Amino acid sequence: MATINAYLTFDGTCEEAFNFYKSVFGGDFPMVGKFGDMPPQEGMPPISDEVKNRIMHMSLPISAETVLMGSDTMPGIHDHQVGNNISLSINTDSREEADRVFNGLSAGGKVSMPLADTFWGAYFGMWTDKFGINWMVNYDDPAKVQAH
C-alpha cells in the first residue's frame with residue numbers, strides 16, 4: 001500500500017527550515033543529501049560552490065506514519081514559486097505500483113521527470129496533474145538501495 005507525505009521545496013533555505021521544524025517536532029534527520037554529494041549527471045552543467053551546499057534531499061520523521069521531506073531548488077534548472085513549492089510524495093511497495101500510480105495520475109498533466117532508476121537506488125518520477133497538483137512517486141528497490 002502506498003504512503004503519501006508532504007515534500008517541501010525551498011530556494012536555499014531548506015536546511016534552516018528543517019532545523020526549525022525539528023525544533024518543533026523533535027526527532028533526527030535520517031537523510032541529508034546536498035547537491036555537491038550528487039555524482040555528475042549527463043547533460044547537466046558543473047555545479048557551482050553555492051549550489052553544492054544546497055539541500056538535494058532531507059527528511060524528518062514526525063510520526064510513525066508521516067515523514068516531512070524537502071529540498072532546495074537548483075538555480076537555472078528548477079524555478080521556486082511560493083505557493084507552488086509543495087508536492088505530494090508517494091512511496092510505493094513495487095515498481096508496478098509506481099508505474100500504475102504515475103501513469104494514472106499524470107494522465108492529462110505535465111511530466112517533469114519520467115519514471116526512471118536513480119543514482120540513489122530508487123525508481124522515481126515527478127509530474128503536475130491536470131488539476132495543477134505537484135506529485136512525486138518513489139519506489140525504493142531493496143536490491144539497489146542496499147548497494148548505495
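Reply: On the face of H1 turned away from its buried side lie the exposed residues Glu 16, Phe 20 and Ser 23, where exposed means over 50% relative accessible area, buried under 20% and partly exposed in between, with a 1.4 Å probe and protein chains only. This is a predicted model, in which local features need pLDDT of at least 70 and side-chain atom pairs count only at pLDDT 80 or more, whereas totals for chains, interfaces and linings use all residues. Residues are numbered from 1 along each chain as its sequence is written, and side-chain values use heavy atoms, with hydrogens and water left out.

Helix H1 covers residues 14-25; helices (H or I, at least four residues) and strands (E, at least two) are DSSP runs, numbered from the N terminus. With its twelve residues, H1 reaches 16 Å from its first C-alpha to its last, close to the 16 Å expected at 1.5 Å a residue, the expected span being 1.5 Å times one less than the number of residues. The helix is followed by Gly 26, whose phi is positive, near 80°.

As for the covered side, Cys 14, Ala 17 and Phe 18 are buried in H1. They cover an arc of only 95° around the axis, and therefore lie on the same side of H1; the arc is that of the directions from the helix axis to the C-beta atoms. What covers these buried residues of H1 includes strand E1 (3-10), strand E3 (55-61) and strand E4 (67-72).

Phe 20 deserves a separate word. Its relative accessible area is 52%, which means that Phe 20 counts as exposed. Phe 20 also belongs, together with Val 24, Phe 25 and Ile 62, to a nonpolar patch on the surface, with about 390 Å² of accessible area together. Patches are made of residues with over 30% relative accessible area and no salt bridge, like charges being joined within 9 Å and nonpolar side chains (Val, Leu, Ile, Met, Phe, Trp, Tyr) within 5 Å. A salt bridge is a side-chain nitrogen of Lys or Arg within 4 Å of a carboxyl oxygen of Asp or Glu, and accessible areas come from the Shrake-Rupley method with a 1.4 Å probe, only the protein chains shown counting as cover for residues.

For contrast, Phe 124 in strand E7 (residues 122-128) is buried, with a relative accessible area of 9%. Leaving aside neighbours within four places in sequence, Phe 124 is in contact (heavy atoms within 4.5 Å) with residues including Met 113, Leu 115 and Val 137.
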